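User: I am new to this structure, and I would like to learn how to read the place where two chains meet.

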Amino acid sequence: MPNVEQELRRFVIDNFPFGQVGDGLSNDDSFLDQGIIDSTGVLELVTFLEETYEIKVEDEELIPDNLDSINRLVKFLQRKLQVSS
Amino acid sequence: MCGIAGIVNLNGQPVAPALLDRMIERVRHRGPDDCGSHTDRQVGLAHARLSIIDLASGGQPMHNEDKSVSIVFNGEIFNYIELRADLMRRGHRFRTQCDTEVILRLYEESGEECVRHLNGQWAFAIWDSRRERLFLSRDRLGVRPLFYTIADQSLIFGSEMKSIFALPHVSREIDPVALDQIFTFWVAIPPRTTFKGIRELPPGHSMTVQQGRITVARHWQLDYGAGGDDAPEDARTEEEYSAKLLELLVDATRIRLRSDVPVGAYLSGGLDSTLVTALIRRFTGAPLKTFSIGFDDPEFDETRYQNEAVRFLGTHHQEVGCTLADIGRVFPGVVWHAERPILRTAPAPLYILSGLVRKHGYKVVLTGEGSDEMLGGYDIFKEAKIRRFCAARPDSRLRPRLLKRLYPYLGNLQSQSGAYLQAFFGARRDQTEDEFFSHRPRWQLTSQLKTVFSGSVRSEIGAYDGLAELREALPAGYSGWDGLCQAQYLEAAYLLPGYILSSQGDRMAMAHSVEARFPFLDHRVVEFAARIPPRLKMKVLNEKYLLKRCADGLVPPSVRNRPKQPYRAPEGKCFFGGARLEYVDELLSPERIAHDGIFDPVTVQKLVAKFRDGRAIGIKDNMALVGVLSTQLVHDQFVKGFREEFAYAERRAGTAAICH
């Protein structure tokens, strides 16, 4: 899902102005470790996923394993989109 | 309560009185009732007076009989009546009823040790012409401000930095290291200020200037000693602690009512200000006037509790409403008075509140600040306790539930999973030995904002390490203190003077010529509170436990038992969403950001876009926005165009009188 990866990267870079973002952000960098995301950031991210990809993120899915890097997000989305398609 | 200013020419040249006039003009809002100055060879002292005690004969600068000792003083000495009686027994003769004269005589009696006898809030300068020695001092906790600089072989000092900047040869430049500190700790670490070369005399310090030599020395230290729960069992019971605390608070309040003008009180609806108001009611049969702020946004409004306190205590109450638009409108004036970047808008409503007090003809209010620091009220203390528990018991299934109990008023946090809460607040067992354990999450979160700095500011900051500086400054014995005491110390030594008592306190009250007095900051209360076992300050997770015990029956049960709500105000949305604010558009424009060179234009643009679209909801975005905007205002009003902005601020404050 190269487009999705680009979309997610763009969202993270535009929406989280702080922390080590930009070209230096690798797909495996942890948003938490890089200081990109705080408690509100998680919700902003989920809102973006739900609105852009028309999925529903369940409460139990709100965990760093699913959401804490570009690669994790891509994999999480793949799973969600497969289930809903 | 007043403003002071002065000059010492270190090369011995006489001081030109016109310079003193320029300096004191800039702080006439602190003392609109009268002003005066005095020069003696290489020294000049100036004073703007807000008359509160001995209205007829308390003018300053004040001198002894042969004019060999002169003083300018901002503040109040609350035990002046007892000190005066004692000095009279020792043969001193007084010409006034004023507390200023008490400091003067006490200095004659015991020299620079005089400060040890004072119970109060002060910043003063004493010129001892026989010894050719200037003595400056600031109260224990930093209620009253005092800044200084050295320029062209002169030591220049004043209650506010704008007085110092009134002299044309003083440079005005923002210090990037101060920005680094503010965008980490929320305050600059004294003696550093926002501006390069301008120093603050730290709280609890005195300074002498003699023969060109400047010496700064501490006269008081907040010390938690062996006050931990592990300390040898104190013979006192909980009842005895509670009784003693109440006794001290009663007396601290009693002597803070000493005034020749009427005294009012702030009433926030919280435990601290309600208890202070209740204690005042014990001493005065006269009608008591109370003042409060109401917010149109229910998230911040505490009107319900204020009204319950008013009914219970029977005060004459005045309330001023505060809207988002009000905060946006007054914010430039707030920063003009605060003289530093701030990460919160919370000073703005207090600025509006002091305007209400002044409008009703009051000059003095009692208020509840200091209680949270000294008696264990802040959420950060509770957060640290829970994090410590979680670190010690990594398998406890209570962890997510405990973490959620932390910030019940923050909806965003309530919807987080345990895994994320653990990531935000969790701590490993080995981290509990960290001397800054309590403050790590706050400082780490705030530090992340620093990516908004421009490349040039970042390179000027270089490898500077604020934590290392703070570590160096920790008092002896700190590492042995209980975790709660360590956290209390960090709050009381830095955030209290650097933000609560200044940006939210003195500067906002004095903007409208109002003096605030703080019973919880009576040093007897503070020193006693430092000896209260931590388990009585926060019992399990019940904050200010002992104080609540004291307040039983004195305040409405609803106020005593309500969940703690920290004083907050709406943040970034004050500047967007309503009518466009010209100064916001201008100061945050990409051109202006690039030109001023403090922040990165691309990052600021992203941030502003988020606010304009209504997408910014988090604490980080809000702190960043307010931090960037206030820094730009500091730059605009102090660095770029000092005189013009002064004229603007003066018109607004309506203090056009010139001092001669």
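User: How many salt bridges are counted between chain B and chain A?

Analyst: This is a predicted model, in which local features need pLDDT of at least 70 and side-chain atom pairs count only at pLDDT 80 or more, while totals for chains, interfaces and linings use all residues. Residues are numbered from 1 along each chain as its sequence is written, chains are lettered from A in the order in which they are written, and side-chain values use heavy atoms, with hydrogens and water left out. A salt bridge is a side-chain nitrogen of Lys or Arg within 4 Å of a carboxyl oxygen of Asp or Glu. The count between chain B and chain A is one, and the side chains of A:Glu44 and B:Lys610 meet in a salt bridge at 2.5 Å, N to O.

User: How many residues of chain B are in contact with chain A?

Analyst: Contact means heavy atoms within 4.5 Å, and by that rule 25 residues of chain B are in contact with 24 residues of chain A.

User: What area do chain B and chain A bury between them?

Analyst: Buried area is the accessible area (1.4 Å probe) that two parts lose on being put together, summed over both. Here chain B and chain A bury about 2,000 Å², with 62% of it on carbon and sulfur atoms. On the side of chain B, the residues that lose the most area to chain A are B:Tyr420, B:Lys606 and B:Lys620, which together account for 29% of what that side buries.
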